[in-house]
Amino acid sequence: MVTYIDAATAPLKNTGAIRLYGAEDFEGMRRACQLTARCLDALVPMVKPGVTTAAIDKFVFEFGADHGALPATLNYRGYKYSVCTSINHVVCHGMPDDKPLRDGDIVNIDVTYLLDGWHGDSSRMYPVGQIKRAAERLMEVTYECLMRGIAAVRPGARTGAIGEAIQTYAEAERCSVVRDFCGHGVGRLFHDSPNILHYGKANEGPELREGMIFTIEPMINLGKPHVKVLSDGWTAVTRDRSLTAQYEHTVGVTANGCEIFTLSPAGLDRPGLG
C-alpha cells in the first residue's frame, strides 16, 4: 500500500511514505538544483586530458562553499568526497583520485548540493579529448533515455511508465539498462521514497501525483546490464568491462507534467555541446 504525505508535516527521515511538496518547496528546489547545474556547466572547460578527478572534487567543494552550499555526498555514510566521478566502465559512485584523465575517456560527474535545506542532484557525461564513436553514441542513447523517461512523468501515470520508456528505447538501440541502481525521491532528504526504476511496465509502481520530487538517472551499458561493486564498497563497474553512461535530472511533478529543476542555464546538459 502506497502512502502519500504532506511534506510540510513529514518527519525528516525516509519512512517509505511519498512526500508531496508545495509551491514554496519547489522554489527551494529550483535554487539548489540550479546551483548544481551551474557547477556542472563550470566543469565543461575543466574536463580534459591530464586533469585529475581529485582536482574536480576540489573544484566542486569550493564552488559550493562560494555559494553557501555543501556537497551532500561529503561524509555521507562514510563517503569522503564532494563528488562522484565514474570513468568508462565505472557505472556509478566512482571515487576521485590523483590519476589523470586520458584522451578518449568518458566520465560521469555526479553533484548534489545541499542549499538552505534542499538537495539539488544531477549528473552528466563529459568527453575527455577525442572520444570514439561508440562512446559518443552511448552518451547520445543514454541522454535520450533520460529525456524519454522525463516525458512519461505526469499525474496519474505510474513510476513504471518512466522505466518502460527508458528500457524500450535502450534495448531498441542494442544497449542494456542497469538494474542494480535507481532514481529516488529527493528534497529535504538526499535519498527518499519512491525508488524510480529505469525498467519495467507502465502499469507498475506507485501513481505519480502533483508535488512529488525525484531523480531520474538511467545507467546504460554497451554490453550486458550486470554490475559488481568493488572492494572499496562504493565503486560499481560493469562485469564485462563494457562502457557505461549516465545522465540525471531532478524533476517535480506538476499539474500537467513535470518541471526539470536541474536544466543547464547554458544549455550544456546534452551530449556534444561542451
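Two residues are said here to be in contact when they have heavy atoms within 4.5 Å of each other. The model shown is predicted.

In an unreviewed entry, UniProt lists His93 and His191 under "binding site". Both His93 and His191 belong to the lining of the largest pocket.

His93 lies in the loop that runs between strand 5 (90–92) and strand 6 (106–115). Because its relative accessibility is 26%, His93 counts as partly exposed. Apart from neighbours within four places in sequence, the residues in contact with His93 are Tyr79, Cys84, Ser86, Phe181, Trp234 and Thr235.

His191 occupies the loop between strand 9 (183–185) and strand 10 (192–196). With a relative accessible area of 32%, His191 is likewise partly exposed. If residues up to four places away in sequence are left out, His191 touches Asn14, Tyr76, His184 and Gly185. With Tyr76, the side chain of His191 makes a polar contact, side chain to side chain, at 2.9 Å.

Attention may now turn to helix 1, which comprises residues 23–42. At 1.5 Å a residue, its 20 residues should span 28 Å, and the end C-alpha atoms are 29 Å apart, so the two values agree. Among the buried residues of helix 1 are Phe26, Met29, Cys33, Leu35 and Leu40. The buried residues of this helix pack against helix 2 (53–66) and against several strands, including strand 6, strand 7 (118–127) and strand 11 (213–216).

Key:
Residues numbered from 1 in each chain as written. Predicted model: local features only at pLDDT ≥ 70, side-chain atom pairs only at ≥ 80, totals over all residues. Heavy atoms only, no water. UniProt positions renumbered as here; feature names shortened; annotations may be inferred. 1 Å grid on protein atoms, 1.4 Å probe; cavity = no way out; pocket = protein on both sides within 12 Å on 5 of 7 lines; lining within 4 Å. Helix = DSSP H or I, 4+ residues; strand = E, 2+ residues; numbered from the N terminus. Buried < 20%, exposed > 50% of the residue type's maximum accessible area, 1.4 Å probe, protein only. Polar contact = N/O pair within 3.5 Å; in protein donor to acceptor, adjacent residues only side chain to side chain. Expected span 1.5 Å × (residues − 1).
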